[in-house]
Amino acid sequence: MASDTGGAWWSGAVGYEIYVRSFADSSGDGIGDLRGVTDHLDHLADLGIDVLWLTPFYPTPGFDHGYDVSDYCAVDPAHGTLEDFENLTTAAHERGLKVVIDLVPNHTSADHPWFRDALANPDGPRRDYYVWEDPAPDGGPPNNWVSHFGGPAWTHDPVSGQYYCHLFLPEQPDLNWANPAVVAEFDRILMFWADQGVDGFRIDVAHGLVKDPLRRDNSLIRPLTPDMGPVEVFESFAHDHDLDQNANIEIFRGWNRLLEPRNLVLIGEIGVTDQERAARYVADGDGLHEMFFLESTYLPWDPPAWRNALTGLQPLAPTGVSWVLSCHDRPRAVTRFGGGARGAERAFALATFIMGLGGTPFIYQGEELGLPDGRVRPGHVSDPLAVRNPGSDEVGRDGCRTPMPWTGGPTNGFSPSGRSWLPSDDRPVELTVAAQSGDPASMLNRYRDLIAFRHRTPALWEEPLRWLDSETDVLLGRRPRVLMVLNMAPDRREIPLVGGPWALAFGSRCGSCCSPAPQSLVVEPETCLILTRE
Ligand code: GLC
């Protein structure tokens, strides 16, 4: 890690997302747990990872697989104990790995004592922890806001006659961030985990916390039609009043002030499509340090779209993006890029390119093996996005959440009992950690080589980057001592080299090379090359 560059400890770092439920099950109940993570830390250390992000492991009824938290300061028995968490953190720190945990402040579980109290005591102090409104004059929901998971973002409480807001499931009521008591509760939660030794937070739905106080209707971008699935309906609105309110940024400034003495990193999930609006969350360095900008987890292999995503966002937030190709919410990059060996090469070419950017690239578990999505067995669909929308074409997010393949055999070594909460086809042995580990040509060893290259080449993230003119499907990023070339075209391209002599330092198809580069460079199709100079 680049702490010796004088910057923040996360400068130049490489992150890794652990979807805890599906990473490794030590107890045999078929659900991934914290001990399972501890048992596999050497895999991450060998890969060269600097920072882990653990998805929620808190007590939960599990309607959204842990993103519905009923106690923010404890561990769900399915995932272990607080002592397991302490052991994990200690073992991670011994290996030089930092631990970032997922904080879910937009909503609680409907089982959280705050919400139970809010329902039971409409005049009590917890009522205003949530977003309540009277019905519209026709008795329906107060406005046109919709849930990400289908249907209105409002559910009627027959006892009080009011509606409460939920941008996700009705079992995930949204907190009222206009209430200073909610702000104070989360300050306490943040300090609880800071005292447990965490190194930072990944903030779920960071763009959603504050709602328009006037609860105005969102504008429609395109007409709604009855055949639209929940995601299409959600994306048909401009979300000018339920998401991305300026006051969100003030909340993160408060958290930054609170945590600054502890040197913790704050990384927000920013589901805002406008790049300039997204960049303001990290613009001044006094709020969020980095953001996950989700567009890159949606894109197929589409050169103009990638050009826009990378060259548009990078100058707006040169060190403020946690670059990702895959995560637990979207089809894996290999699948989006066409699957098979070609999909894996394309994903590795883009991974090579983002390892040459400032900010912190995050690998999603299994990405280092070149994994496509898994196949969930028929009848075992589990994601509420699919389960709650029967009849729509929404397939949900299970495919990217199947167990991490460690070895051959049942559940690929995920669970000693061969059980999995998400029954799915076992992966072929060549896609397992065990098979790839000793094979120098495997995707796993190519990722190890790539991450080691990033670590030994601080110019990749320290020097200012400018984008050179090029054809649409070729990206040319230039730093004083680095030239990055990404050829997304299906054919070879020739690049004139100026300002050399350059040496070929890393290629997505050839690894670390360190050979002198000629005057003009021929770049193979769908390949990334990184050149360096003295
Ligand atoms: C985020 C999480 C996703 C979850 C949602 C609601 O987008 O990444 O998995 O369903 O928030 O908490």
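Ala, Val, Leu, Ile, Met, Phe, Trp, Tyr, Cys and Pro are counted here as nonpolar, Asp, Glu, Lys and Arg as charged, and the others, Gly among them, as polar. On that scheme, the lining of the largest pocket divides into 19 nonpolar, 12 polar and 16 charged residues. The model is predicted.

The largest pocket holds about 1200 Å³ of space. Its lining comprises 47 residues. His-148, Phe-234, Glu-235, Leu-294 and Tyr-298 are the closest of these to the pocket centre. Two elements give two or more residues to the lining: helix H6 (230-235) and strand S8 (265-270). H6 provides the largest share, with 3 residues.

Around the ligand are 13 residues. Asp-64, Asp-204, Glu-269, His-328 and Asp-329 come nearest. By class, the ligand shell consists of 7 charged, 4 nonpolar and 2 polar residues.

For Asp-329, one of the residues that come nearest, the distance from a polar side-chain atom to a ligand oxygen is 2.5 Å. His-107 places a polar side-chain atom 3.0 Å from an oxygen atom of the ligand. Arg-397 likewise has a polar side-chain atom 3.0 Å from a ligand oxygen. On its own, the ligand has 310 Å² of accessible area, and the protein covers 95% of this.

Note on methods: Residues numbered from 1 in each chain as written. Predicted model: local features only at pLDDT ≥ 70, side-chain atom pairs only at ≥ 80, totals over all residues. Heavy atoms only, no water. Near = heavy atom within 4 Å. Polar contact = N/O pair within 3.5 Å; in protein donor to acceptor, adjacent residues only side chain to side chain. Areas by Shrake-Rupley, 256 points an atom, 1.4 Å probe, with all protein chains shown as cover. 1 Å grid on protein atoms, 1.4 Å probe; cavity = no way out; pocket = protein on both sides within 12 Å on 5 of 7 lines; lining within 4 Å. Points joined across faces, edges and corners; volume = space filled by probe spheres on them. Helix = DSSP H or I, 4+ residues; strand = E, 2+ residues; numbered from the N terminus.
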